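Please examine the model shown below and follow its parts in turn.

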Amino acid sequence: MHREKILEVQGLTKYFPIKKGVLSRKVDWLRAVYNVNFSVDKGETFALVGESGCGKSTTRKLLLRLLEADRGQVFFKGKNIFKLDSASLRELRKNLQVVFQDPYASLNPKWRIGSIIEEPLRIHKIGSPAERRARVEELMSMVGLYPEYYNRYPHEFSGGQRQRIGIARALALNPEVIIADEPVSALDVSIQAQILNMFKNLQEKLGLTYIFISHDLSVVKHISDRIAVMYLGEIVELASTCELFQNPKHPYTRALIASIPVPNPAKKKAFKQLEGEVPSPINPPSGCSFHPRCELAGEECKRQEPALLDLGEGHLIRCHRYKEKK
């Protein structure tokens, strides 16, 4: 069944300058995101996973145009967001909202939660004060908070409740896409399950599209439709969630799956756990960026950068061990 593409990312690349000295001269460049390509269908949950520093959060900022890309394009419903003027970009951001990682740092401690949730409505001059109040109370009920909490401050809530406030704020403008950047990593495991279930319920009720960013494959397994695995700024494997867990191809993906804790100590791991450190993004390895940590690496891996190959059924991989399906 053909699904409408709501977001398309083509060749997205971002380098950050490394500056030193009194005059802050550029001495090198850090490769944060390199030649990233993917698309997101309307109504699906697309996950970006990888170790810390792999470029997930930088990708999020580029998608929202909070950072300007060095190369590449991002299309939202066919419009290139990098070519929009400030007025058009302001309108676009009604449809692209964010849920942040830290539910403590993302809320202004001096504001009451009613004002925090109402802020997007005020900025975009939507509704009268009474209409905005009614909308905020509706959003609070939607995310499992009592409307009577309207005048309370963030410090009066637990971490899970604060994240619900952040989600309510993200929903205020009826967005089509929500980018959730590690939204449950700061929460207790039992609370994580509640928040993930709420994400799924809201998606069914409101027809939302999610880009879910996480370092934890066990979290995205239960919420995502497709998963893209990032390593050192690149996507190294992309597949449906079921395919990725049942038939992982890339050695890095296998290592991530092996790192998921198993509650049964007698159960043997299916894949070998990864050793070694992530190379510096300031001086990435030649050829395949993963080859210094890959036990299967050969001479070709050290010399030549692999292309992102299509193995069929939407399963993409960046590895010399596989050949593209014709």
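In what order do the four strands of the open sheet stand, and is their pairing parallel or antiparallel? In this predicted model, the order is β2-β1-β4-β5, and the pairing is antiparallel. The edges of the sheet are taken by β2 (25-41) and β5 (79-80); each has a single partner strand, so one side of each remains without a neighbour in the sheet. In general, the strands of a sheet pair through backbone hydrogen bonds.

The pairing of β1 (residues 5-20) with β2 comprises 12 bridges, and these two strands run antiparallel.

Two packed helices are described by the angle between their axes and the distance between the axes. For helix α3 (residues 113-123) and helix α4 (residues 129-142), the angle is about 115 degrees and the axes are 9 Å apart. Their crossing is right-handed. Residues of α3 in this contact include Ile113, Ile117 and Leu121, while Val136, Leu139 and Met140 are among those from α4. By class, the contact has six nonpolar, one polar and four charged residues.

The largest pocket has a volume of about 490 Å³. Its lining consists of 20 residues, and Arg93, Leu96, Gln97, Val98 and His124 lie nearest its centre. The elements that each give two or more residues to this lining are α2 (86-92), β6 (96-99), α3 and α5 (159-171). By class, the lining has 10 nonpolar, four polar and six charged residues.

Notes
Residues numbered from 1 in each chain as written. Predicted model: local features only at pLDDT ≥ 70, side-chain atom pairs only at ≥ 80, totals over all residues. Heavy atoms only, no water. Axes fitted to C-alpha atoms, helices over the stretch in contact; angles between N-to-C directions. Left-handed = near helix turned anticlockwise from the far one by under 90°. Contact = heavy atoms within 4.5 Å. Nonpolar A, V, L, I, M, F, W, Y, C, P; charged D, E, K, R; others polar. 1 Å grid on protein atoms, 1.4 Å probe; cavity = no way out; pocket = protein on both sides within 12 Å on 5 of 7 lines; lining within 4 Å. Points joined across faces, edges and corners; volume = space filled by probe spheres on them. Pairing = 2+ DSSP bridges.
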